[in-house]
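Open your viewer and get ready to select. This tour moves from one pair of side chains out to the whole chain.

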Amino acid sequence: MSFETVENVLNINTDAIMTLAMASILLLIGYAIKNRVNFLAKYCIPAPVIGGFIFMFITFAGHTTGTFTFNFTNTFQDPFMLAFFTTVGLGASFSLLKKGGILLIVYWLCAGVVSIFQNIIGIAVGTAVGLEAPYALLSSAISMIGGHGAAGSYGSTFESLGSAAMGVGAAAATFGLISGVLVGGPLGRRLIVKYDLKPEEHQANYDDIKSVNAAGKEPLSALDVIKNVVVIIVCMALGTMVSGWVSKLIGMSFPNYVGAMFVAVIVRNLNDTFHFYKFSFPLVDGIGDVMLNLYLALALMTLKLWELASLMGGVLLIVICQVVFIVTVSYFVIFRILGKSYD
């Protein structure tokens, strides 16, 4: 970390390690605040969002007062995002998909149709208010369904075209996340009370599903842990290559995390059949959780609010329309398609 004064503004420059260390501390601060504020815990606001937002407003204060600014070297954000999605792919077992049955296919199709309508809403509202198409798309299915990971991946692609898309994507994904946890609970409760829904007493499939990813009875050796970590890294590398090949094939950018997930799914299911190494879902899932939390902390900590000021009016209008749409379609359509049951 270094300090220098440029035109009476204190510039705080951080290298990659210091940037990561600051994000890690903010993550712990976020957890500490969440554990002490019932509202944040009740509505499941993620700790990195809490910590990242606090620091984001600190940097905003420095900018508006013209007293200080941070210059980050954010080297680890993209690798952490890639690692997280790789662990998601390693969690996808075909045996689990079989246990999901026809209902999983129906849900998958519903999500696909919803994403199309989300993009239509984004482009329609964005066109009406004069918002550029990349920002409109980042306020639609990319961030509403894909979350911060997809918003970050596509945002970096749009930024290469000369836009401030990373910030817009992160802001839209955060709004969607907060709206989801604030609206989802009350909406679910409304349906449960209205239809007097009760959970089914016997759900043998749930136990079967848990058993697929359950931790083994024997503890992992140090070598087993290393093998699981190496597989994640190799899947990241191969997935990046696959995404590069696909990008050349289709003539447009293809997110690295999609290729990494694809490779990870293949590796997981080949290993389920041939048992190349002792796969541990709890370990991989834990690594993924750490990667996601650090990625979010880095993304939000380095977000520059002042660069988004001119865009947030249109973006905010789009995401509000997205919330209204998803509440309506969930309550009147999806709930009925999926059987009107407690599950």
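Start with a term. A helix here is a DSSP run of H or I with at least four residues, and helices are numbered from the N terminus. The model you are looking at is predicted.

**Stop 1: helix 12**

Select residues 256-274, which form helix 12. Now show the side chains of D272 and R268. What joins the side chains of D272 and R268? They meet in a salt bridge, with 3.2 Å from N to O. Count along the helix: D272 and R268 are four residues apart, so about one helical turn separates them.

D272 is partly exposed, at 31% relative accessible area. R268 is buried, at 2%. The cut-off for buried is under 20%, so R268 falls below it.

**Stop 2: the other salt bridge**

How many salt bridges does a search of the whole structure find? It finds two. For the next one, select D196 and K198. Their closest N and O atoms are 2.7 Å apart. Are D196 and K198 buried or exposed? Both are exposed.

**Stop 3: helix 13**

Move on to residues 281-301. This is helix 13, with 21 residues. Draw a line from its first C-alpha to its last: the helix reaches 30 Å. That is close to the 30 Å expected at 1.5 Å a residue.

Next, colour the buried residues of helix 13. Among them are V284, G288 and M291. Further along, the buried list also includes N293, L294, Y295 and L296. M301 is one of the buried residues too.

**Stop 4: two cysteines**

A disulfide is a covalent bond between the sulfur atoms of two cysteines. How many disulfides are counted here? The count is zero. Select C235: it is buried, at 2% relative accessibility. Then select C321, which is partly exposed at 27%.

**Stop 5: the whole protein**

Zoom out and switch to a cartoon view. The protein has 14 helices and three strands. Its radius of gyration is 22 Å, close to the 20 Å that the globule rule gives for 343 residues, so the protein is as compact as a globular protein of that length. Along the principal axes, the C-alpha atoms fill a box of roughly 70 × 50 × 50 Å.

Finish with the surface on. Buried residues make up 39% of the 343. The protein exposes about 18400 Å², and carbon and sulfur atoms supply 68% of that area.

Key. Residues are numbered from 1 along each chain as its sequence is written. This is a predicted model: local features need pLDDT of at least 70, side-chain atom pairs count only at pLDDT 80 or more; totals for chains, interfaces and linings use all residues. Side-chain values use heavy atoms; hydrogens and water are left out. Helices (H or I, at least four residues) and strands (E, at least two) are DSSP runs, numbered from the N terminus. The expected span of a helix is 1.5 Å times one less than its number of residues. Buried means under 20% relative accessible area, exposed over 50%, partly exposed in between (1.4 Å probe, protein chains only). A disulfide is a pair of cysteine sulfur atoms within 2.5 Å. A salt bridge is a side-chain nitrogen of Lys or Arg within 4 Å of a carboxyl oxygen of Asp or Glu. The radius of gyration is taken over C-alpha atoms; the globule rule is 2.2 Å times the number of residues to the power 0.38. Accessible areas come from the Shrake-Rupley method with a 1.4 Å probe; for residues, only the protein chains shown count as cover.
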